[in-house]
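Please examine the sequence and the structure before reading the solutions.

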Amino acid sequence: MLRIFSNMMTVIMLGVMLGFTLGSGGAYAHKDATGIVKTRMDGFKQSQQNFKDLIRAAHGNDYDTVRTLSVSLTEWGQQMQQHFPAGSNQPPSEAADTIWSDASGFAKAIDDYINATQDITAAAIAADKPAIMAGIKSTSDSCTSCHNVYRVK
Ligand code: HEC
């Protein structure tokens with residue numbers, strides 16, 4: 001019980017963090033974006049919304065919805081690389097040069113994210129709530145650690 005409670009607190013905290021930190025700046029940056037930069041910003045925005053909805057569904061023990069959303073988060077991860085062609089960091093992009101100068105590190109950050117979202121899917125199929133919560137935590141960590149190195153704020 002205590003463990004479930006503390007997991008829930010973690011997830012509530014994550015929801016708050018996602019709303020305020022990842023969400024800020026996005027709408028502003030969006031305004032003048034065009035082409036591939038706009039496409040990927042929209043993709044990240046959508047993934048943020050999907051992740052929020054997934055957290056809500058996990059609270060509500062709606063494992064089917066959790067699975068549908070974790071699969072779409074995985075699919076976004078599989079497409080992420082192709083949204084960063086060389087030299088596509090023109091304003092208002094927040095993409096850091098390290099995406100191209102450290103391409104293998106960026107690829108690994110994508111892999112970590114994909115693996116974390118796949119852990120959620122496996123946990124949702126097993127209807128294993130603590131594992132879903134753990135997968136949400138590692139997915140959130142993978143967003144943050146990629147942003148720390150590969151996104152300029
Ligand atoms: C492998 C790296 C990586 C991962 C993983 C990642 N992001 Fe990002 N994210 C980026 C980069 C790079 C940008 C900046 C793109 C740009 O501005 O061109 C970005 C931008 C964003 C934006 C701003 C979009 C806008 O409108 O400007 C949001 C919101 C976002 N990410 C949310 C998330 C969330 C939520 C997750 C995890 C579920 C996540 N990201 C995972 C690299 C990543």
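**Exercise 1.** At what angle do helix H3 and helix H4 pack, and how far apart are their axes?

*Solution.* The model is a predicted one. In it, H3 (residues 35-59) and H4 (residues 63-80) pack at an angle of about 155°, and their axes are 9 Å apart. Angles over 145 degrees count as roughly antiparallel, so H3 is roughly antiparallel to H4. The crossing in which H3 passes H4 is left-handed. On the H3 side, the residues in contact include Gly 43, Ser 47, Phe 51 and Leu 54; on the H4 side, Val 66, Leu 69, Leu 73 and Trp 76 are among them. Sorted by class, this contact of H3 with H4 comprises 8 nonpolar, 6 polar and 1 charged residues.

**Exercise 2.** Determine whether Asn 61 and Ala 127 are buried, partly exposed or exposed.

*Solution.* Asn 61 belongs to the loop between H3 and H4, and its phi is near 55°, a positive value in a residue other than glycine. A residue with 12 or fewer C-beta neighbours within 10 Å is exposed; Asn 61 has 11 inside 10 Å and therefore counts as exposed. Ala 127 sits in the loop between helix H6 (103-125) and H7, with phi near 50°, also positive in a residue other than glycine. Because Ala 127 has 13 C-beta neighbours inside 10 Å, Ala 127 counts as partly exposed.

Terms used:
Residues numbered from 1 in each chain as written. Predicted model: local features only at pLDDT ≥ 70, side-chain atom pairs only at ≥ 80, totals over all residues. Axes fitted to C-alpha atoms, helices over the stretch in contact; angles between N-to-C directions. Helix = DSSP H or I, 4+ residues; strand = E, 2+ residues; numbered from the N terminus. Parallel < 35°, antiparallel > 145°, perpendicular 65-115°, else oblique. Left-handed = near helix turned anticlockwise from the far one by under 90°. Contact = placed C-beta atoms within 7 Å. Nonpolar A, V, L, I, M, F, W, Y, C, P; charged D, E, K, R; others polar. Buried ≥ 20, exposed ≤ 12 C-beta atoms within 10 Å, placed from the backbone.
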